[in-house]
Amino acid sequence: MPKAYKILTTPYCKNSLLRLDDFLARKYSKQHALDNRCMLQEKIQSVLPTQPRIAPVSSRLIDLGISDYRQWAIDDHNIVFYKINDEDAVVHLLLVMDSRQSIQKLLFELL
């Protein structure tokens with residue numbers, strides 16, 4: 001049985017989730033934003049602990065000089081950026097975003 005990794009959500013990820021909620025609530029509805037958040041949490045908790053290498057290293061972030069984060073396209077619009085720490089068996093969630101959002105703008109606002 002594969003080793004289960006612990007999922008840790010960084011403060012940046014928490015802020016990006018709030019921005020994603022706001023983006024979806026304005027574009028669609030608050031209920032859509034809530035449904036999306038629930039789906040994301042369920043998918044992350046059900047997949048990443050046992051399959052942390054499900055996603056490749058992010059080419060989007062490499063272009064910004066960040067080379068050790070993975071980019072997981074959960075569905076057509078939701079993207080999760082995360083880093084694996086094998087030594088401690090931890091997955092650090094960096095960012096969650098909608099593919100229609102600007103990653104440069106989001107990172108600038110969060111950092």
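Predicted model: local features only at pLDDT ≥ 70, side-chain atom pairs only at ≥ 80, totals over all residues.
Four strands form an open sheet in the order S1-S4-S3-S2, with mixed pairing. Strand S1 (6-9) and S2 are the edge strands; each has a single partner strand, so one side of each is left without a neighbour in the sheet. From one strand to the next, the twist averages 35°. In general, the strands of a sheet pair through backbone hydrogen bonds, either parallel or antiparallel. The table lists the strand pairs with their directions and an example of bridge partners.

| Strand pair | Direction | Bridges | Example of bridge partners |
|---|---|---|---|
| S1 and S4 | parallel | four | Lys6 and Val90 |
| S3 and S4 | antiparallel | eight | Tyr82 and Leu93 |
| S2 and S3 | antiparallel | four | Arg70 and Tyr82 |

Tyr82 of S3 is the bridge partner of Arg70, and Tyr82 is also paired with Leu93 in S4. Strand S2 covers residues 70-73 and strand S3 covers residues 78-85; a hairpin connects S2 to S3 through four residues. Of the nine residues in S4, eight are buried, so this strand is largely enclosed by the rest of the structure.

Helix H1 (residues 11-27) touches S1, S3 and strand S4 (90-98), and its direction makes about 25° with that of S4. Helix H2 (residues 30-47) touches S1, S2, S3 and S4, and the direction of H2 makes about 30° with that of S3.

H2 contains 18 residues and spans 26 Å from its first C-alpha to its last, close to the 26 Å expected at 1.5 Å a residue. Its buried residues are Ala33, Asn36, Leu40, Ile44 and Val47. Viewed down the axis of H2, these buried residues fall within an arc of 90°, so they line one face of the helix. On the face turned away from the buried side, H2 carries the exposed residues Lys30 and Glu42.

**The hairpin of S3 and S4**

S3 and S4 form a hairpin with four residues between the strands. Ala89 lies in this loop. Its phi is near 55°, which is a positive value in a residue other than glycine. Ala89 has 13% relative accessibility and counts as buried, because the cut-off for that class is under 20%.

Gln71 belongs to strand S2. Its side chain makes a polar contact of 2.8 Å with the side chain of Ser58. Leaving aside residues up to four places away in sequence, Gln71 touches Ala55, Pro56, Ser58, Ser59, Arg60, Ile79, Val80 and Phe81.

Notes:
Residues numbered from 1 in each chain as written. Heavy atoms only, no water. Pairing = 2+ DSSP bridges. Helix = DSSP H or I, 4+ residues; strand = E, 2+ residues; numbered from the N terminus. Axes fitted to C-alpha atoms, helices over the stretch in contact; angles between N-to-C directions. Contact = heavy atoms within 4.5 Å. Polar contact = N/O pair within 3.5 Å; in protein donor to acceptor, adjacent residues only side chain to side chain. Expected span 1.5 Å × (residues − 1). Buried < 20%, exposed > 50% of the residue type's maximum accessible area, 1.4 Å probe, protein only. Arc of directions from axis to C-beta.
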